[in-house]
Amino acid sequence: MRPNQDSVIPADLAPCADICRKNPVVENADAEKSGVTAAPRFEEFNDASIQEDNLGRGFWAAEPYVGTKETWTYPELRLVLERYLIDRDGKRREFWNWTHCLTPDQVTEELEAAGFVVDSLFGDVAGARFDEEAPSFAVLARVA
């Protein structure tokens, strides 16, 4: 069954680059992807379902466990839904992750509607140079 994108308010809650750098569980995470998930990254996602032992190499639970990841994409919105099922010791946990791949214009519009002014765009939360084709970006905004 394909979930309906109208049932949620999409948001991007990407982790901070420092967490990715310091946490051994996510040691292979790309710190440069921290920040807002950018529109070009949508092309990396495909509708799929996979199951594997220790999916994410211990990220979801203490090993051993079996993880299932299901992915649904909504191209008209550049929106991705990932469902994770983690089975360990006869118990199942379920996680849902929405990723909205946004343009700088979309983020600027939302911030302005909330009373902010965008001062600068960066390539990541550490202040790298902004790149329109990069998989992420960060925004420096202030109250209007």
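Guide: We take confidence, the sheet, the core, the aromatic pairs and the salt bridges in turn.

Guide: This is a predicted model, in which local features need pLDDT of at least 70 and side-chain atom pairs count only at pLDDT 80 or more, while totals for chains, interfaces and linings use all residues. Residues are numbered from 1 along each chain as its sequence is written, and side-chain values use heavy atoms, with hydrogens and water left out.

Visitor: What does the protein chain average in pLDDT?

Guide: pLDDT is the predictor's confidence in each residue, from 0 to 100. The protein chain averages 82, and 77% of the residues score at least 70. Over residues 4-29 the pLDDT stays under 50; the model has 35 contacts (heavy atoms within 4.5 Å) beyond four places in sequence for them. Where pLDDT is low, the predicted coordinates should not be read in detail.

Visitor: In what order do the strands of the open sheet lie?

Guide: Strands are DSSP runs of E, at least two residues, numbered from the N terminus, and two of them pair if DSSP finds at least two bridges between them. Here 3 strands form an open sheet in the order β1-β7-β6, with antiparallel pairing. The edge strands, β1 (36-37) and β6 (116-122), each pair on one side only. Between β6 and β7 (residues 136-143) there are 6 bridges. Phe 122 has Ala 138 in β7 as its bridge partner.

Visitor: Which residues make up the largest nonpolar core?

Guide: In soluble globular proteins, nonpolar side chains tend to be buried together. A nonpolar core is a set of buried Ala, Val, Leu, Ile, Met, Phe, Trp, Tyr and Cys residues joined through side-chain atoms within 4.5 Å. Buried means under 20% relative accessible area, exposed over 50%, partly exposed in between (1.4 Å probe, protein chains only). The largest core has 6 residues: Leu 55, Trp 60, Ala 61, Tyr 65, Tyr 84 and Ile 86. Beyond four places in sequence, the contacts of Tyr 84 include Leu 55, Trp 60, Arg 93 and Phe 95.

Visitor: How many aromatic pairs are there?

Guide: Rings of Phe, Tyr and Trp (its six-membered ring) pair if their centres lie within 6.5 Å; planes under 30 degrees apart count as stacked, over 60 as edge-to-face and the rest as tilted. The count by this rule is 6. Trp 60 and Tyr 84 have ring centres 4.4 Å apart and planes at 35°, so the pair is tilted. It links distant parts of the chain, with Trp 60 in the loop between β2 (48-53) and β3 (66-74) and Tyr 84 in strand β4 (residues 79-88). Both residues are buried. Trp 60 and Tyr 84 also form one aromatic cluster with Phe 59 and Phe 95.

Visitor: What kind of pair do Phe 130 and Phe 137 form?

Guide: Their ring centres are 6.1 Å apart and their planes at 90°, so this pair is edge-to-face. Phe 130 is partly exposed at 24% relative accessible area, whereas Phe 137 is buried at 1%.

Visitor: How many salt bridges does the whole structure hold?

Guide: A salt bridge is a side-chain nitrogen of Lys or Arg within 4 Å of a carboxyl oxygen of Asp or Glu. The search finds 7. One of them joins Glu 70 in strand β3 to Arg 83 in strand β4, at 2.9 Å from N to O. Glu 70 is buried, with a relative accessible area of 18%. Glu 70, Arg 83 and Glu 94 are linked in a salt-bridge network.

Definitions and conventions
Helix = DSSP H or I, 4+ residues; strand = E, 2+ residues; numbered from the N terminus.
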